Amino acid sequence: MSDDWVYNYFNYFTEIEEHFQRVRGTSMFRVSPLDWALIESWKNAGVPLEAVLRGIDAAFEKWRGRKHKTQLVNSLAFCAQAVLTEAQRMAGQAPPAKRESAPPFPLEDLRDYLARNAAAVRQAGAGYEEAAAALERLAAEADAHYADLEELERRLTVLEEKMIAAARSGQSEEQLLEARRALEAQLRPYRSKMTAEHLAMLEKQYLERNLLDGAGLPRLSLFYMR
């Protein structure tokens, strides 16, 4: 596993959240479910961390240059267009030099994280026993998986996809409709700042997160170890 992968993956959310807080000028800001989904969509699309940070700076610089500021910037979605612009600009540049990185978290933290998720999945009830058992095995074998976190992340992704499929089968039409209404209410002011492809990815991330939350299921990705 490369140092680049460790740094960019496991620090992605924290770096973005803290940078947004600094640029916005408040440490009290907490990201919304939409912001969580947006960051994850950037991560999954391979948007470099540096492009996100530059995009946030560019969006706020443009906002501060306005003569009339009708409202505060209350969502990362405000920066979406600027982030994609920076990502496109960086696409033709040479990749950044590798940086040295310490292990992203202690082994015991990984073991505890897997064990907690296994307990939460088992508590969610029937239909998730296989995923719970798999997580328990991963927790018991944490020492071995600690040596290859990329492979562990792939395993967790597969388990999460199975949980999503099981949760979706139990979701009512009314629950799905309510989730889409909530998404549209949050997303409406920012639709013009995103491409159709990015909107589709963001909607998928948001609805899957809403689905798991509604079923009492945790997100399994190591991305959520904060």
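**Exercises on a helical model**

At 10% relative accessibility, Glu208 counts as buried (under 20% relative accessible area is buried, over 50% exposed, in between partly exposed; 1.4 Å probe, protein chains only). Before you dig in: this is a predicted model, where local features need pLDDT of at least 70, side-chain atom pairs count only at pLDDT 80 or more, and totals for chains, interfaces and linings use all residues. Residues are numbered from 1 along each chain as its sequence is written, and side-chain values use heavy atoms, with hydrogens and water left out.

**Exercise 1.** Work out where Glu208 sits and which residues it is in contact with.

*Solution.* Start with the helix: Glu208 belongs to H11, residues 196–214 (helices are DSSP runs of H or I, at least four residues, numbered from the N terminus). Next, skip the neighbours within four places in sequence; Glu208 then has contacts with Ile164 and Arg168 (contact means heavy atoms within 4.5 Å).

**Exercise 2.** Find out whether Ala133 is buried, exposed or partly exposed.

*Solution.* Ala133 is part of helix H7, residues 129–140. Its relative accessibility is 22%, so Ala133 is partly exposed.

**Exercise 3.** Describe how H7 packs with H9.

*Solution.* Take the angle: H7 and H9 (residues 149–169) pack at about 165°, axes 10 Å apart (axes are lines fitted to C-alpha atoms over the stretch in contact, and angles run from 0 to 180 degrees between N-to-C directions). That makes the pair roughly antiparallel (over 145 degrees). Then look at who touches whom: H7 contributes residues including Leu135 and Leu138, while H9 brings Leu156 and Met163, among others.

Note on methods:
Helices (H or I, at least four residues) and strands (E, at least two) are DSSP runs, numbered from the N terminus. Angles under 35 degrees count as roughly parallel, over 145 as roughly antiparallel, 65 to 115 as roughly perpendicular and the rest as oblique.
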